[in-house]
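Student: Could we go through this structure together? I would like to learn where its labels come from.

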Amino acid sequence: MKLVPISPDGLEPGFPLPFSLRDVNGRVLVQRGTPIADRQQLGYLLARALFIDDAEKGLAQRQLNAQVDQMFRSGDATLGEIAALRPEYDQRATEPAPLVEPPLEWPDLESRARVLLGDTRAARWMPRLDELADDMLKRLERHVDATLLRFIHMAGHQPENYPTHHAILVMLLCALAGPRLPGWQSEWRRPLTRAALSMNVGMTTLQQELVRQAQPLSPMQRAQVDAHALRGVEMLKAADVDDPLWLGAMRHHHDAPNGPLAKLEPAIRLARLIQRADRYAARLSTRRNRAALSAKAAAQAAFFDEGGLPDEAGQALLAETGLHPPGAWVKLACGEIALVMKRQSHPTAPLTVISLVNREGLPLAVPAVRNTAMPKFKVEAGVPSGEVRVQPNLEALQKMVPGGLSPLMSRVA
């Protein structure tokens, strides 16, 4: 992608942009077709250098040309006024959007999530979060293995933007496991996924601080953590969220009781699944004061409840991910360390893995697809991400997978 600078003149809240605004690193700040929410977000944009993809530069130029042409035709504008003209960036002034929309990319979706989860007071917060969640779930359905590969690998290796990435991973896990809950109803999908995505809005800033913090929580921080669910509910109500399942699941995602789910009210069932997915994702994540666990160890933490008994919500979660989900590291019988690329079609099916580290602990010159049905390449154990020093190119590895990565499919329990 080639970035070109763009003047902020003409940017105004409320008008859908005909291009994506990006920062100097190419990260999307405002997605194409999305309006700048308010003056606060506009000020945030004006305080930094803004760029657009060179491929979209023509959209801005065509708008300016159309404005100049209109002024010439009117016959009322002076040359000075035409020379001082600034573009009015508004997608509605451009030609109709193409019928085939470009694919939604995860970096763009993550940028949108970071903005919304960081400020529930933003204009149109609830419909924007709804749209974002739907966009993410559509991508999950098209690329389930690739999506899990990205976020589970990221959890163990990239603590940056932890609050956003953790919230997305928990939402994705809940979306996969939700239909396995006792008494599941399809209308629960929306409140479940929205509650999972927004579960920590009451402590977003604190969460990012804790990722970098080496010492234990202070009493003040502990109080903030303990109160974040209730505070989050209050923030969502102020943002016009009134869905009782969404609010109830969010309110109890840390204190949902143990026991058979069928005996619990729907909001508590959803809260219980969010709680198990939150615990699972947190165990997979690296932080300064806590190393990431292996996927198998994280699975055990999710599977057993606080009393040490099997948990139905944890069972639903692991029925979808398996003990070694995409993005997890495993040690093979030959001593190699491999990255899991796909979910198993059933619990006894061979894993699809690619070895990247040899038995001496050195990176393989060429990554190698291994057949774990062979005794030599049998999976012996899970490996915590912190023990692996290679930085794999996930996109390149996906192209090596026989048959490619699968779309949405439920594992056979």
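Student: What makes β5 and β9 a pair, and in which sense do they run?

Tutor: β5 and β9 are joined by four bridges in the antiparallel sense. Two strands pair if DSSP finds at least two bridges between them, so four bridges are enough for β5 and β9. One of the bridges links Lys 331 to Ala 381 in β9. Before we go on, remember that this is a predicted model, where local features need pLDDT of at least 70, side-chain atom pairs count only at pLDDT 80 or more, and totals for chains, interfaces and linings use all residues. Residues are numbered from 1 along each chain as its sequence is written, and side-chain values use heavy atoms, leaving out hydrogens and water.

Student: How do you know which strands stand at the edges of the sheet?

Tutor: The open sheet has five strands in the order β8-β7-β6-β5-β9, with antiparallel pairing. β8 (363-371) and β9 (379-383) each have a single partner strand, so one side of each lacks a neighbour in the sheet. Strands are DSSP runs of E with at least two residues, helices are runs of H or I with at least four, and both are numbered from the N terminus.

Student: What joins β6 to its neighbours β7 and β5?

Tutor: Five bridges join β6 (residues 337-342) to β7 (residues 352-357), and these strands run antiparallel. Ala 338, for instance, stands opposite Ser 355 in β7. Between β5 and β6 there are three bridges, again antiparallel. Those two strands form a hairpin with four residues between them, and Gly 335 in the turn has a positive phi of about 100 degrees.

Student: Why is Ser 111 called buried?

Tutor: Buried means under 20% relative accessible area, exposed means over 50%, and partly exposed lies in between (1.4 Å probe, protein chains only). Ser 111 has 6% relative accessibility, so Ser 111 counts as buried. Across the chain, 51% of the 413 residues count as buried.
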